[in-house]
Amino acid sequence: MKKELFFVLGARDPECAEIANVLEANNVPYGIAMVERGKFYNHGTNTHFGSLSSRKGPERVQTFNAYQASSIRTVIPLKGDNTPDRVSVVLVECGMDVSSSHILRGYDFIRVDHHHPGDPGYELGPENYFEGSSIGQVCNLLGIEPSTRQRIIAAADHCLAAAYGGMCKGVDPEELLRTRVEIKCFHRNTTETKIVADIHNAAEAIKQSKRITLFGEELADFMDFNVMSSIPELTEASALLGIGILKGAYIRDIDHYKYGIFSRNADVIQGWMSRTATGSLNLKNIYGSPSRGYAGGYRSTHFGSTEQ
């Protein structure tokens, strides 16, 4: 007997929102991964950062704790019995905390993800962007033919810089930009004029920025988080220009610095992850995907002391 699928969605972002649209349009059972407020972990590791928040109670997982969910909030319920012999659980960019794993004990799991080694889409590059993206994996599981808009969302989420570089078959870079601006306006409740102006200003900042040569590529240096935080849309502008960037930011919720790199060059990303991040930057909880063009990591604000 073919098992019914129950999807569990992770942190909110444009791709995950479109996945929810697909599930709702086809009346597919799904829920949202939840976590107790104040818990912050990182990218599938068991490292607890701690939190500055005093809020309590369940909330939707964020990227910090998406793989440490403690409960599931059902949106579209299963039609019959939800026993393991008739249901498979599809985890979309999320996972359960060890202490809460009993909630899904006995169920078969299907992983939909592209963030970590071993994920179905992790090693897939721009030439297989749809199969690599989470929305592509969901559509393929359900046997659904994607729309042009969904292909654009898939390319943007899986490998944005490559998509703007014309490396994703069937995705027009100009249409990609229009769709990205439209989505940003919707999710941020702002205007197209504001988004376009931010992208233009970020592009000018990149053109005028200091450069650092890393593993043979010249990258724009925005590792000063005081500067970076004042320039929205740097990643978008970087992808549009085809100029790689180094970024830094202070994440208040976890009282850590976050550093990252964006580049179309997989060798540069791999070099940063294996040498720069672990060496001169002394980062922990390093994550990224060379084939997708990004990487990042964290460092305590109490640099030199024991990590939390």
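## Around Arg60

Leaving aside neighbours within four places in sequence, Arg60 is in contact with Leu9, Gly10, Ala11, Arg12, Cys16, Ile32, Ala33 and Met34. Keep in mind that this is a predicted model. Arg60 itself sits in strand β3, which covers residues 58–60.

Here's a curious bit: Arg60 is buried yet has no salt bridge. Asp13, the nearest side chain of opposite charge, is 7.0 Å away, and a salt bridge needs the charged atoms within 4 Å. What the side chain of Arg60 does reach is the backbone oxygen of Gly10, at 2.9 Å.

## The main core

Now for the greasy part. The largest nonpolar core has 35 residues, and Phe7, Leu9, Leu23, Tyr30, Val92 and Tyr129 have the most contacts inside it. Helix α4 gives the largest share, with 9 residues.

Take Val92: not counting residues up to four places away in sequence, Val92 touches Phe7, Val8, Leu9, Gly10, Ile19, Val112, Ser134 and Val138. There's also a second, separate core of 18 residues, including Ile206, Ala237, Ile251 and Tyr287.

## Helix α5

Helix α5 runs over residues 173–188, and its 16 residues reach 22 Å from first C-alpha to last, close to the 22 Å expected. Its buried residues are Leu176, Thr179, Arg180, Val181, Ile183, Lys184 and Cys185.

What do they pack against? The buried residues of α5 meet α1 (14–25), α4 (148–164), α6 (192–208) and α8 (234–241). Just after the helix, Asn189 takes a positive phi of about 55°.

Technical notes. Residues numbered from 1 in each chain as written. Predicted model: local features only at pLDDT ≥ 70, side-chain atom pairs only at ≥ 80, totals over all residues. Heavy atoms only, no water. Helix = DSSP H or I, 4+ residues; strand = E, 2+ residues; numbered from the N terminus. Buried < 20%, exposed > 50% of the residue type's maximum accessible area, 1.4 Å probe, protein only. Lys, Arg positive; Asp, Glu negative; His and termini not counted. Polar contact = N/O pair within 3.5 Å; in protein donor to acceptor, adjacent residues only side chain to side chain. Contact = heavy atoms within 4.5 Å. Expected span 1.5 Å × (residues − 1). Core = buried A, V, L, I, M, F, W, Y, C linked by side-chain atoms within 4.5 Å.
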